[in-house]
Amino acid sequence: MSTDGDTLGDFATAHGAVAHSRATSPPRDDPLSVLDEPDPIFTDESLLDPNVVPDEEKIVGRNEQIETVAHRLKPAINGASGKGTLILGKSGSGKTLVTKYVGREVVQRGHDADVDIGLVVIDCAQRRSETQTVIRLASQLNDPTRTNVTIPHSGISTGAYYDRLWTIINELYDAIIIVLDEIDRLAPNEALQSNVTPEEADDSKLLMQLSRAGEEDDIDAGLTVIGISNDLKYGDRLDTRVTSSFAPDDLVFDAYDANQLRDILNRRAEAFRDGVLSDDVLPLCAAFAAQEHGDARRAIDLLRLAGEVARDEGAEQVTEDHVRAANDDAEVTRLRDLIRGCPTQAKIAMAALAAMEHFTDRSYFKATEMYRVYRAFADAISADALGQKRITDQLREYETLKIVDMNRTSDGYREGTHLELSLLDDPSLILQSVGLDDRLSDIPINDAMQHRIQRAIEN
């Protein structure tokens, strides 16, 4: 099979993973003239940013959830603590959007009542540890001109960071709302498979400190904590002491259906110029997203990408063909989002597993076979390779993300049992998504590496 290039970066480019960002219309004599011209496709592209919190009329099918979150956060308006909450549901079901929207409204009502409310939303997938999360919390809430508190990036203990956080809250706020998005990423599966007990996991330690801050007289302000997770069983993983102290109520967000997704897109269509969208664009975007467990974020991003493809081609209208072209790129984007924040070593192992399937006629492999290719990939880019147990433990996070399947199987009495791995996603898409990572794009997949992969699974 052709490699379409010598490296993963070449593979990603050859398969169009970055096609939407490359203009296909003839180059201009004055390339900066685009800055002075009206956009032929969009009037307000910001409406298609899934991370932008829209007005209430653009939030579809979530009135019940909005009301529940509002009840949880309402005490902050009086400077009190609200009920701890775990918001659970599949990616793109509106969990973060609703929480940010209600939080914004609560902060405004607090301002009107002369109550200083601090709202901070932390993406735990980007922090990955208790200490990093506390640093981010303190940095986001701090105003050093008023507190005289500095937040160094390193050099002090986790306890000292908490002390500075408490000082900031006491100096500046009557109430605090802390939203921990993707909180489960603070306690990945590999930690739970090792010697780390639930109470020692970073998410448990963080929730314990935050939920007891008022009881321990660390802060005078009201404190409300909301955790958001795509894992519907996340609460079952928490230490019993945390559940007792945090005592969260669960709020589950159901996936959007195709009609709701279409309604969401209709309310974002004003991002485009009149008459630019052909009639089949919104239904097709909604249909693609409905296939991915009703992911509204995916639907919105797909619509934006389709508009960019049309603009790059110099087209006058966004059509079904542009949506289908954008969908290919969106698949890679989806995987990049899923593995965002995962350790580099785990990404190398995932690329190894994908390459093994892509360049062979097999779809499942022993952990020992995967490890040989992983070592070859790591050595090729001068990355320090982990031991086999550690790297297979790291891959368990991909099992939670529904990218890889891991099973303990037996070859009979003489051979014993072994760990078997297989992909639940298209290996080509995984290779493309990893190939867009600057560090990993240099992993070779030339003929020599393909022969090495073959030998690794034949030994």
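Is glutamate 320 buried, partly exposed or exposed? With a relative accessibility of 29%, glutamate 320 counts as partly exposed, where buried means under 20% relative accessible area, exposed means over 50%, and partly exposed lies in between, using a 1.4 Å probe and protein chains only.

Before I go on, a word on the source: this is a predicted model, in which local features need pLDDT of at least 70 and side-chain atom pairs count only at pLDDT 80 or more, while totals for chains, interfaces and linings use all residues. Residues are numbered from 1 along each chain as its sequence is written, and side-chain values use heavy atoms, with hydrogens and water left out.

Let me stay with glutamate 320, whose side chain meets that of arginine 324 in a salt bridge at 2.9 Å, N to O; the term stands for a side-chain nitrogen of Lys or Arg within 4 Å of a carboxyl oxygen of Asp or Glu. Both residues belong to helix α14, residues 320–339, and sit 4 residues apart, about one turn of the helix; helices here are DSSP runs of H or I with at least four residues, numbered from the N terminus. Arginine 324, at 39% relative accessibility, is partly exposed.

The structure holds 15 salt bridges, and another one of them joins arginine 267 to aspartate 263, at 3.2 Å from N to O. Arginine 267 is partly exposed at 29%, and aspartate 263 is partly exposed at 27%.

Now to a pair that spans the sequence: arginine 311 forms a salt bridge with glutamate 45, and their closest N and O atoms are 3.6 Å apart. Because arginine 311 lies in helix α13 (296–312) and glutamate 45 in the loop between α1 (8–14) and α2 (63–73), the pair ties together parts that are 266 residues apart in sequence. Arginine 311 is partly exposed, its relative accessible area being 26%, and glutamate 45 is likewise partly exposed at 26%. Asp39 joins Glu45 and Arg311 in a network of salt bridges.

Finally, which residues form a negative surface patch? They are Asp6, Asp10, Asp438, Asp442 and Asp447, and a charged patch is made of residues with over 30% relative accessible area and no salt bridge, like charges being joined within 9 Å. Of these, aspartate 447 lies in helix α19, residues 447–458, and is exposed, with a relative accessible area of 53%.

Technical notes:
Helix = DSSP H or I, 4+ residues; strand = E, 2+ residues; numbered from the N terminus. Patch = residues over 30% accessible without salt bridge, like charges linked within 9 Å, V, L, I, M, F, W, Y side chains within 5 Å. Areas by Shrake-Rupley, 256 points an atom, 1.4 Å probe, with all protein chains shown as cover. Lys, Arg positive; Asp, Glu negative; His and termini not counted. Charge placed at Lys NZ, Arg CZ, Asp CG, Glu CD.
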